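Okay everyone, thanks for coming. Let me put the structure up, and then I'll walk you through some of its local details.

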Amino acid sequence: MSMRSRLCLLLTVLAACATGLSAPTSAHSAPRVPHTVVLDGARMQQTKLRLDRGDRQLRRTVAALTARADRWLDQGPWTVVDKPRPAPGGDVHDYLSQAPYWWPSQAPTTDNPWGCPYVQRDGERNPEVDSGTDRQDVEKTFDSAYDLSLAWYYTGDRRYAEKAGQVLRTWFLDPDTRMNPNLDHAQFIPCKYDGRAIGIIDFSQSYTAVLDAIALLETGAPGWSRTDRTAMTRWNADFLDWLAHSEFGTQEAAATNNHGTFYDLLLAGLAYATGDKGLARRTVLDARARRIAPQIAADGSQPQELARTRSWHYSTFDLVAYTRLAGIGRHVGVDLWAYRGPDGQSLFNAVDYLLPAATATAPWPHPELDFHRYAATDVVHAAADAGDRRARRAVHLLQEPPGGDLWALRPAAEQLDSIAG
């Protein structure tokens, strides 16, 4: 090794020690490429190498990530068996959530403790859904597993990996606390439905991030064993079977708005994670004519999402699913960004439709109960990375999301203004 190489390695090690980050073990060592589902594993490896070599901007971004991960270290783990009453089927291991936009129409009484019948108030979240069900705990499980796994991958701090493993084993694998691999009782409505197909979105909107978290841990994380990996793959395979063949899965697959897009995302993600690349590829290919062409207008608007009381939220929400599905497509040889429908429908047009409001150069001209400009930040990043020139020019005008812009570390869109439902 030359004197120059020795000096560079020494400076890298000293910089890593000063910030608490792990350093490479030799001048030629490299982190493993994670076999991610949505994220670009090769890109993440290169980002990790840049970080290890002292990239100052990346170190600032990692500091924002680890601040998020640190908050999870003394929380959880969470379990599906902790809810005060089981799902309607009686099995405490079955996941239970309540429809967020449905409200009691009567004052509760002894004979009518729920205040039934329930009525829908679109976009208005009933606070009941945050108590008595598994919804908040599953969101914490998903978010913490993702943040902690990312933090471990980029820093090498074993605390993050060990906590992520504990969170995942408790929710999915340990016999006493595991969740059954179904969503038979998601988004139930008291006195009306014991569960609904649209409740699948409780998982479809975020679970592919958990699949990526697992892929990160499988690059050699302490505390994540081969036994854990095998058991998690089995759980995912069982969940995929339920999703593809249950009545609820069939109904959600037929949805023509964001529910259908997110269903495809979850189906393709589970298929890819469990080794069925053929199903993953078919799902992404089918999304072109089945989803993009009918859902996105020639001008880039999404008419079904614009009809909602939270049209901005749902327009960005649907594009989160599309851009993540495009990430899976990259792994199976399908460029979803390149698709043009018969009237010019495309993902690029859909993102470009958001740019005036996303960059604060014009107001959003549709109904929105609670506008957050930063909700579009990730999907604009995604379009810019995919080659959209308008999106590239807009990036420096985007609003930074709460907790910082983490795109450089996890270049896959999240719903940054998430509301349930």
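Predicted model: local features only at pLDDT ≥ 70, side-chain atom pairs only at ≥ 80, totals over all residues.

Let's start at a proline: Pro 117 sits in the loop that runs between β2 (102–104) and β3 (118–120). Residues are numbered from 1 along each chain as its sequence is written, and side-chain values use heavy atoms, with hydrogens and water left out.

Back to that proline. The peptide bond between Cys 116 and Pro 117 is cis, with omega at about 5 degrees. There's another cis bond between Gly 76 and Pro 77, where omega is about 0 degrees. Pro 77 is in the loop between α3 and β1 (96–98).

Why point these out? Most residues other than glycine have a negative phi, and most peptide bonds are trans. On the phi side, Cys 191 has a positive value of about 65 degrees although it isn't a glycine. You'll find Cys 191 in the loop between β4 (185–188) and α6. Cys 191 is exposed, at a relative accessible area of 59%; the cut-offs are under 20% for buried, over 50% for exposed and partly exposed in between, using a 1.4 Å probe and protein chains only. Ala 360 is another non-glycine with a positive phi, near 65 degrees. That alanine, Ala 360, is in the loop between α14 (347–358) and α15 (377–385), and it is exposed too, with a relative accessible area of 53%.

Now α15. Eight of the nine residues in α15 are buried, so the helix is largely enclosed by the rest of the structure. Among the buried ones are Asp 378 and His 381. What covers them? The cover over the buried residues of α15 includes α13 (311–331), α14 and α16 (389–394), where contact means heavy atoms within 4.5 Å. Just after α15, Gly 387 takes a positive phi of about 115 degrees.

Ser 315 lies in helix α13 and is buried, with a relative accessible area of 2%. Leaving out residues up to four places away in sequence, Ser 315 touches Gln 302, Glu 305, Leu 306, Leu 354 and Trp 364.

Next up, aromatics. Rings of Phe, Tyr and Trp (its six-membered ring) pair if their centres lie within 6.5 Å, and planes under 30 degrees apart count as stacked, over 60 as edge-to-face and the rest as tilted. The count by that rule is 19 aromatic pairs. Take Phe 142 and Phe 203: their ring centres are 5.0 Å apart and their planes are at 90 degrees, so that pair is edge-to-face. Phe 142 is in helix α4 (residues 135–155) and Phe 203 in helix α6 (residues 201–204), so the pair ties together parts 61 residues apart in sequence. Both Phe 142 and Phe 203 are buried. Then there's Trp 235 with Phe 239, where the centres are 5.2 Å apart and the planes at 45 degrees, so we call the pair tilted. Those two, Trp 235 and Phe 239, both sit in helix α8 (residues 226–245), four residues apart, or about one turn of the helix. Trp 235 and Phe 239 are both buried. Ring pairs link both of these pairs into a cluster whose members include Tyr 95, Phe 172 and Trp 242.

One more thing about rings: Arg 121 lies over the face of Trp 103, 3.9 Å from the ring centre. The rule there is NZ of Lys or CZ of Arg within 6 Å of the ring centre and within 35 degrees of the ring normal. Arg 159 does this over Tyr 160, at 5.4 Å from the ring centre.

That's my tour, so over to you.
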